[in-house]
Amino acid sequence: MVPTLGPLRYRRPTPRPTSGHLRVNTRCPHRRTVAPRAPRCDPRVVTSAESSTHTDLLVVGAGIVGLAHAFEAARRGLSVRVIERDERPVGASVRNFGHVCTTPQADADYPLALDSREGWLAMAAATGIPVAQEGTLVVARRPEEFAVLEELRCARGGDRVRLLTGDQVRERIRGPRAVGGESATGGALLPDDLAVDPRTAAPTLARWLAAHDQVDLLTGTAVTGAGGGRVETSRGAFTADHVVVCVGHDLDRLFPDLAQQRKVRRCALQMLLAAPVDGYVFPSPVLTGTSMLRYGAMSATDAAGALRRAIAAEQPELLDIDANAMFSRRPDGGLIVGDSHVRAVTVDPFLDEDVYAPLLDSAADIIRPATPLHIRQRWQGVYATSEDTNLVHERIDDATTVAVVTSGIGMTLSFGIARRTLAGL
């Protein structure tokens, strides 16, 4: 069970466990690993002097990518410090669909996505954070969309892309009593995909890590520089054998030259939370035709060009806002609906009301609620984007690594990136 801790406090990592807690890694007898242990439930407030101890790993940023690094490092017996400027995760890691979108990733990212999927499940087993394993439902409402799914099935295999009829899609949306009316002509189930509640997953993982003997979570602390195993912050300097910088779209604040070289900008998106809909039963994310134009394994298919032309002719308003028209269900039944995309080095904070109508229309066309969707919240999300790469994962020096996802798939790749970073140390 995940402990309830209240506000996060500053703690120091305790010394490495005594020999009674250690076991030898038989593959490498010189490396020690630590047997899994339950987190502490009584984090202490410590003095700044105590908090200044050197750690094996220092992570800058407590979004999901940074937290994944902390979790994977602690599993390996490393002492870890995480430094976060906010009191709790409030950025891209909580302003998303909670979608661990494994199967549709581009071939270059697919092995990393599969490794990350294993990491999510290992984290869930250790922490008790719920991870839904019902897969992703992809709805096809035109022949061009089903053609994309057929190609995806050929690329990934029938076990990982299960083609569905229109009736089978409707049954998953509204249960065995579905009687038609929805516009789906077919679809696919992607059973490898996972889902979490984005509002609670990263904050709960942060709390769990804060209670772990190997982890020091220092919040309310701004990082002003990093390099050579040293991090300068608003609370002074900290050192570590290795530093991992996981600051997302704020990469240009710490490493402006690298951000410029990799063409990293900010991507702003608009999303909504709708009230639960009676009769809607599918617990995981639902993708549509515009989603097929975004995820690499689908957008690279031969059929994707015809699909783009079809959407441009029939629903140009979706392309005008660069939509990924999709939705996912929170544990309380609320529906997260989105999303649009605008890119710039500095994005405007203002929300365009005209953006919401095509996104809501797309969702309602599939769900078919008895009454219009009732909107409870609207928000802007911001994440890093690059026209050149989906991931900036580079050594700045011998003791500093930058790990920034630049494509809106941070939830998907997070634990895989962390495992890759640690494997390279």
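Helix H3 gives way to Gly157, a residue with a positive phi, near 100 degrees. Helices (H or I, at least four residues) and strands (E, at least two) are DSSP runs, numbered from the N terminus. The model is predicted: local features need pLDDT of at least 70, side-chain atom pairs count only at pLDDT 80 or more, and totals for chains, interfaces and linings use all residues. Residues are numbered from 1 along each chain as its sequence is written, and side-chain values use heavy atoms, with hydrogens and water left out.

Stay with H3, which covers residues 143–156. Its expected span is 1.5 Å times one less than its number of residues. For 14 residues that should give 20 Å, and the end C-alpha atoms are 20 Å apart, so the two agree. Glu145, Val148, Leu149, Leu152 and Arg156 are the buried residues of H3. Buried means under 20% relative accessible area, exposed over 50%, and partly exposed in between (1.4 Å probe, protein chains only). Down the axis of H3, the buried residues fall within an arc of 95 degrees, so they line one face of the helix. That arc is taken from the directions from the helix axis to the C-beta atoms. An α-helix has 3.6 residues a turn, so residues three or four places apart point the same way. On the face of H3 turned away from the buried side sit the exposed residues Pro143 and Cys154.

Contact means heavy atoms within 4.5 Å. Not counting residues up to four places away in sequence, Leu163 touches Phe146, Leu149, Glu150, Arg153, Gln168, Gly187 and Ala188. Val138 lies 25 residues from Leu163 along the chain, and their C-alpha atoms are separated by 9.3 Å.

Now the whole chain. It has 13 helices and 21 strands. Of its 425 residues, 55% count as buried. Among contacts between residues at least 6 apart in sequence, 77% join residues at least 24 apart. The accessible surface comes to about 18,200 Å², with 49% belonging to carbon and sulfur atoms. These areas come from the Shrake-Rupley method with a 1.4 Å probe; for residues, only the protein chains shown count as cover.

Next, the interior. A nonpolar core is a set of buried Ala, Val, Leu, Ile, Met, Phe, Trp, Tyr and Cys residues joined through side-chain atoms within 4.5 Å. The largest one has 71 residues, and Val82, Trp120, Leu205, Leu209, Met298 and Phe415 touch the most other members. Helix H1 (residues 64–75) supplies the largest share of this core, eight residues. Another core, of 29 residues, lies apart from it and includes Leu164, Leu189, Tyr280 and Leu373.

At 7% relative accessibility, Gln270 counts as buried. Its side chain makes a polar contact of 3.3 Å with the side chain of Tyr356. A polar contact is a pair of N or O atoms within 3.5 Å; within protein, one must be able to donate a hydrogen and the other to accept it, and residues adjacent in sequence count only if both atoms are side-chain atoms. Gln270 also touches other residues, among them Gly338, Asp339, Phe350, Leu359 and Trp379.

Tyr356 is one of the buried residues of helix H12, as are Leu359, Leu360 and Ile366. H12 (residues 356–367) has 12 residues and reaches 16 Å from its first C-alpha to its last, close to the 16 Å expected at 1.5 Å a residue. Arg368 follows H12, with a positive phi near 55 degrees.

Finally, the backbone. Most residues other than glycine have a negative phi, and most peptide bonds are trans. Gly338 and Asp339 are joined by a cis peptide bond, with omega about -20 degrees. Asp339 is in the loop between strand E17 (335–338) and strand E18 (342–344). Lys263 has a positive phi, near 55 degrees. Its loop runs between helix H7 (256–261) and E14. Lys263 is partly exposed, with a relative accessible area of 39%. Asp322 has a positive phi too, near 50 degrees. Asp322 is in the loop between helix H11 (316–320) and strand E16 (326–329). With 26% relative accessibility, Asp322 counts as partly exposed.
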